[in-house]
Amino acid sequence: MNVEKDYQTYSAPGRVCLYGEHQDYLKLVVIPAAINLRTKISLRENNFKKIRIQSFELNKSDEFSLDRNLTLANNEFDYLRAIILALYGEGYTEDLPGYDIQISSEVPIGSGLSSSAALLVSWLTALDDQLGMGLTKMEIADLTFKAENQILKINCGIMDQYSSAIGGIFSLDCDGPPYTLKSFTSEFDSLVIGDSLVRRSANEPLTILKNRINEGMKKLDAKSDFNLKTITQEDLLSFRKLLTKDEYKRLFGVIKIRDLTDRASKELAKVRRNQDLNLLGTLLTEQQKMLNENLLVSIEKLNRLVNESIKAGALGAKLTGAGLGGCIVALAPGKEKEVAIAIEKAGGKATICSIDYEGSKKEHSK
Ligand code: GLA
């Protein structure tokens with residue numbers, strides 16, 4: 001008997017953030033795009049009430065028992081433990097059978113392409129189907145967010161989990177729950193990704209930046225009817241004296257990215273042929289300027305990949321994800337190959353991706 005046949009496979013995509021970087025945890029609007037790089041989980045039930053995991057990319061394995069004493073183990077498989085803890089905690093299940101699991105991923109780890117959400121979402125999609133829980137994709141996104149934010153204590157917002165579960169390109173107002181989601185059909189189908197090959201943990205830039213922005217906001221809150229959704233650049237200038245130079249600079253960057261995202265959202269809401277690709281590209285590059293100069297989450301290598309992409313014909317480019325390493329994303333319709341070559345020449349690793357419109361799913365068995 002071929003045992004492999006018993007395995008069932010589930011998968012979820014990585015994503016790029018096109019507009020709204022570092023806006024989700026501030027309850028503002030983001031526009032991510034899911035990409036055709038996926039994390040796959042194959043599993044079959046075992047009779048041991050144990051999760052037995054094997055990861056091909058990491059060349060590592062792990063095993064843990066499924067009981068109420070389950071805790072995190074402080075290793076790379078905590079993502080799987082966290083989902084089970086979230087299911088226990090939210091009362092979805094008391095009793096899980098054991099599973100043998102194989103993980104394989106096309107989403108590079110620590111690269112700003114949301115490898116962690118792709119893993120969390122594909123794992124919960126698998127459990128949802130196996131246990132017949134009937135979760136909607138939004139519920140999958142909400143639960144995986146809880147697992148990452150509250151159980152794994154990562155300072156992330158909700159963008160990655162929504163993008164990976166739902167797929168496509170949409171604007172998401174992160175002031176919820178419930179969150180408002182508007183789907184778009186973009187005039188472009190592919191994007192060029194440039195990996196700086198500089199790896200970091202996303203939690204580092206997220207924590208530093210979130211703390212700085214919160215310090216500035218607290219001061220404004222104490223003195224005015226401060227609202228991050230509506231405050232203008234002029235209003236912020238009038239509060240200049242209440243803030244340190246650094247707090248002002250970062251808050252200015254947040255407000256500017258909020259406005260660039262709003263402009264992009266209006267453009268993407270138009271029918272495909274009326275979308276101004278030059279404008280959409282410019283909005284990416286203007287955001288990169290803010291991420292570099294005001295939010296201070298870019299690095300020299302990312303700046304170089306952005307500049308070389310534009311020189312090679314991209315309409316615009318920016319870093320994607322938390323920053324301080326990882327990838328850039330470039331919009332280069334018709335010039336994808338030229339831009340990919342320029343990225344490689346500048347010391348990056350280029351991948352031409354298409355937008356994934358499926359989100360998380362069960363793979364058909366061959
Ligand atoms: C990480 C987080 C996201 C978001 C981005 C920055 O990818 O997981 O929630 O905050 O950083 O835009």
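Confidence first: averaged over the chain, pLDDT comes to 94, and 98% of the residues score at least 70. Keep in mind that this is a predicted model. One stretch to treat with care is residues 1-5, where pLDDT stays under 50. For those residues the model has 3 contacts beyond four places in sequence.

**Two helices that pack**

- Two packed helices are described by the angle between their axes and the distance between the axes.
- Here, helix 1 covers residues 78-89 and helix 2 covers residues 115-131, and the two pack at an angle of about 50° with their axes 10 Å apart.
- That angle is why helix 1 counts as oblique to helix 2.
- If you look at the handedness, the crossing of helix 1 and helix 2 is right-handed.
- On the helix 1 side, the contact is made by Tyr-79, Leu-80, Ile-83, Ile-84 and Leu-87.
- On the helix 2 side, Ser-116, Leu-119, Leu-120, Trp-123, Leu-124 and Leu-127 take part.
- Sort the residues of this contact by type and you get 10 nonpolar, 1 polar and no charged.

- Ile-169 sits in strand 6, which spans residues 169-173.
- Ile-169 counts as buried because its relative accessibility is 2%, and buried means under 20%.
- Ser-183 is exposed, with a relative accessible area of 57%, whereas Ile-169 is buried.
- Beyond its neighbours within four places in sequence, Ser-183 is in contact with Ile-169 and Phe-170.
- The C-alpha atoms of Ser-183 and Phe-170 are separated by 4.1 Å, although the two residues are 13 apart along the chain.

- Val-192 is part of strand 8, residues 190-195.
- With 0% relative accessibility, Val-192 counts as buried.
- Leaving out residues up to four places away in sequence, Val-192 touches Ile-328, Val-329, Ala-330, Ala-332, Glu-336, Val-339, Ala-340, Ile-343, Thr-351 and Ile-352.
- Val-192 and Val-16 are 176 residues apart in sequence, and C-alpha to C-alpha they are 10 Å apart in space.
- Glu-267 is found in helix 7, which runs over residues 245-268.
- Glu-267 counts as buried too, at 1% relative accessibility.
- Again not counting residues up to four places away in sequence, Glu-267 touches Asn-274, Gln-275, Asp-276, Leu-279 and Leu-280.

- The peptide bond from Gly-176 to Pro-177 is cis, with omega near 0°.
- Another cis peptide bond joins Pro-177 and Pro-178, and there omega is about -5°.
- To find Pro-177, go to the loop between strand 6 and strand 7 (180-184).
- Pro-178 is in the loop between strand 6 and strand 7 as well.

**Positive phi in loops**

- Lys-49 is a residue other than glycine with a positive phi, near 50°.
- You'll find Lys-49 in the loop that links strand 2 (29-46) and strand 3 (50-55).
- Lys-49 is partly exposed, since its relative accessible area is 36%.
- Asn-59, also not a glycine, has a positive phi near 55°.
- Asn-59 lies in the loop between strand 3 and strand 4 (60-65).
- Asn-59 is exposed because its relative accessible area is 70%, and exposed means over 50%.

Notes
Residues numbered from 1 in each chain as written. Predicted model: local features only at pLDDT ≥ 70, side-chain atom pairs only at ≥ 80, totals over all residues. Heavy atoms only, no water. Axes fitted to C-alpha atoms, helices over the stretch in contact; angles between N-to-C directions. Helix = DSSP H or I, 4+ residues; strand = E, 2+ residues; numbered from the N terminus. Parallel < 35°, antiparallel > 145°, perpendicular 65-115°, else oblique. Left-handed = near helix turned anticlockwise from the far one by under 90°. Contact = heavy atoms within 4.5 Å. Nonpolar A, V, L, I, M, F, W, Y, C, P; charged D, E, K, R; others polar. Buried < 20%, exposed > 50% of the residue type's maximum accessible area, 1.4 Å probe, protein only. pLDDT = per-residue confidence, 0-100.
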